[in-house]
Amino acid sequence: MKNTNLQKIVLTGLFAALSYVVFTFLQIKITLPGGDATSIHLGNAVCVIGALLLGGVCGGLGGAIGMTIGDLTDPVYVLYAPKTFLLKFGIGLLTGLIAHKLGHISTEKNQKKVFLWTVLATSGGLLFNVIFDPLVGYYYKLLILGKPAAELILAWNIASTTINAVTSAIVSVVIYMVLRPVLKKSGLFYETGIDRISKKTAKAR
């Protein structure tokens, strides 16, 4: 697949739309004290898959934009939109860093190595979210929004974020490993810039 800026923009927009739909319409919302809420969803999985296929920046932006729009259109989550954008972008960046900077999964030919680095990248990106989503959310509620039930909400957020991470990790790895050979065969597979540079360097040696 020929890599162009237009294709990057289109694919980033596609993943933004997917993450919005999955996060907004396929979530299980749990109402918390004080009119707050948390949810079980697979929006993070879309962010991770985007990072695996397109690289950290494009995948992270796609997931961050989609889920941020989801927050902005929901009265319960609207105040958390800035936090959502930063954290989801972080998931994508870390996933992409591990997958492409360290694992070079889009140019690697050994399927066992591809699987290993896909698992490591997915776990790393989602572990980042498990740690920082509840933590940032706690201080965001306590210091900025002044939520008196911040401790109780923190416990619920840790539980839901962990569930989201486990389910998103499984879904992300399975979908990427299934899509990868299909996209390669059809000529639609995207090689990230990092992986292309790595491949050229290896050939030069």
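Modeller: The discussion below goes from the overall fold to single residues. This is a predicted model, in which local features need pLDDT of at least 70, side-chain atom pairs count only at pLDDT 80 or more, and totals for chains, interfaces and linings use all residues. Residues are numbered from 1 along each chain as its sequence is written, and side-chain values use heavy atoms, with hydrogens and water left out.

Colleague: How many helices and strands does the protein chain have?

Modeller: Helices (H or I, at least four residues) and strands (E, at least two) are DSSP runs, numbered from the N terminus. The protein chain has seven helices and two strands, in the order α-β-β-α-α-α-α-α-α from the N terminus.

Colleague: What share of the residues of the protein chain counts as buried?

Modeller: Buried means under 20% relative accessible area, exposed over 50%, and partly exposed in between (1.4 Å probe, protein chains only). Of the 205 residues of the protein chain, 46% count as buried.

Colleague: Why is helix 2 described as largely enclosed by the rest of the structure?

Modeller: Twelve of its twelve residues are buried, so helix 2 is largely enclosed. Among these buried residues are Gly43, Cys47, Gly50 and Leu54. Helix 2 covers residues 43–54 and reaches 16 Å from its first C-alpha to its last, close to the 16 Å expected at 1.5 Å a residue; the expected span is 1.5 Å times one less than the number of residues. Just after helix 2, Gly55 takes a positive phi of about 105°.

Colleague: Which residues does Thr12 touch?

Modeller: Contact means heavy atoms within 4.5 Å. Leaving aside residues up to four places away in sequence, Thr12 touches Leu54, Cys58, Leu61 and Gly62. Thr12 lies in helix 1 (residues 5–25) and counts as buried because its relative accessibility is 11%. Thr12 and Gly50 are 38 residues apart in sequence, yet 7.8 Å apart in space, C-alpha to C-alpha.

Colleague: How many disulfides does the structure hold?

Modeller: A disulfide is a covalent bond between the sulfur atoms of two cysteines. In the model, a disulfide is a pair of cysteine sulfur atoms within 2.5 Å, and the structure holds zero. Cys47 is buried, with a relative accessible area of 0%, and Cys58 also counts as buried, at 15% relative accessibility.
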